[in-house]
Amino acid sequence: MKRSRINRIMAEADEMIRRHGFVLPPFAGWSPDEFRARADTARAVIDARCGWDITDYGAGRFDEMGLFLFTLRNGRLEDLRRGGGMCYAEKLLISRQDQLSPMHTHVIKAEDIINRGGATLVVELYGSDESGGFAEDRGGRVMCDGIARDFAPGEKLRLAPGESVTLMPGDWHAFWGEGGDVLIGEVSTVNDDETDNVFREPIGRFADIEEDEPPTHLLVSDYATWLAASG
């Protein structure tokens, strides 16, 4: 993806997020130079990979297959392993109309996917057992807003604003906006985008960046290189 396109997507996303009554944290507005200058005090943000994340899954077709994400907070895998401490994460996502976030699952992460506003969020869903159903300990059902509902493998959930679905590790899911763009909330256990995304097809998690103009803000995937000399 061209950096100029990423800069535009950031600006458009910030506008949509504000339109739905959410405001990103102050570090979202930092320039690369500000991030470098504050890297020491922002070490927890950097190490947790909080911040801007825009991906075309390495396919170069963002409008067809892509996703905007902003990680607001993220806990520590060490805490999750020992069963205490900061074991949670939260994101805001934007899925554009008919823009596919492709079929994938997580080994560790459980998550609530919430339609925070906009159009309808479609979630194509398979459970974690061999037939694509939901395990017996879940009664073969999926939880939507805390309510158990019968579900057939591959069925498409249609979530209106305010509605949500709970996904457990091993549940396969793909999603997209229907009838317009959707602001999505994700509340989950600790998030590890580098190792805990398993895609059905051989695709990448992060975009390859063509630096055709300076970045407005750093992506989480920029931290390792742009902030390498800091902290």
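**View 1. Contacts of Thr55.** Leaving aside neighbours within four places in sequence, Thr55 is in contact (heavy atoms within 4.5 Å) with Met1, Phe62, Met65, Gly66, Leu67, Leu69, Arg205, Phe206 and Ala207. The model is predicted: local features need pLDDT of at least 70, side-chain atom pairs count only at pLDDT 80 or more, and totals for chains, interfaces and linings use all residues. Residues are numbered from 1 along each chain as its sequence is written, and side-chain values use heavy atoms, with hydrogens and water left out. Thr55 counts as buried because its relative accessibility is 1%; buried means under 20% relative accessible area, exposed over 50%, partly exposed in between (1.4 Å probe, protein chains only). A polar atom of the Thr55 side chain lies 2.8 Å from the backbone nitrogen of Tyr57.

View 2. Thr55 belongs to strand β1 (residues 51–55). Strands are DSSP runs of E, at least two residues; helices are runs of H or I, at least four; numbering starts from the N terminus. In β1, five of five residues are buried. Strand β2 (residues 67–74) runs antiparallel to β1, joined by five bridges; two strands pair if DSSP finds at least two bridges between them. Ile54 has Phe68 of β2 as its bridge partner.

**View 3. The two faces of strand β8.** In a regular strand the side chains alternate between the two faces of the sheet. In β8 (residues 156–159), Leu157 and Leu159 form the covered face, Lys156 and Arg158 the uncovered one. β8 pairs with strand β5 (residues 111–126) in the antiparallel sense, over four bridges. Lys156 in β8 stands opposite Glu124.

View 4. A salt bridge is a side-chain nitrogen of Lys or Arg within 4 Å of a carboxyl oxygen of Asp or Glu. The count by this rule is 20. Arg3 pairs with Asp222, closest N and O atoms 2.9 Å apart. This pair links distant parts of the chain: Arg3 sits in helix α1 (residues 3–19), Asp222 in the loop between β11 and α5 (223–226), 219 residues apart. Both Arg3 and Asp222 are buried. Glu12 and Arg96 also meet in a salt bridge, 2.8 Å from N to O. Glu12 is in helix α1, Arg96 in the loop between β3 (88–95) and β4 (101–105), 84 residues apart. Glu12 counts as partly exposed because its relative accessibility is 43%.

**View 5. Glu155 and Arg149.** These side chains form a salt bridge, closest N and O atoms 3.1 Å apart. Glu155 is partly exposed at 27% relative accessibility. Arg149 is partly exposed too, with a relative accessible area of 33%.

Definitions and conventions: Polar contact = N/O pair within 3.5 Å; in protein donor to acceptor, adjacent residues only side chain to side chain.
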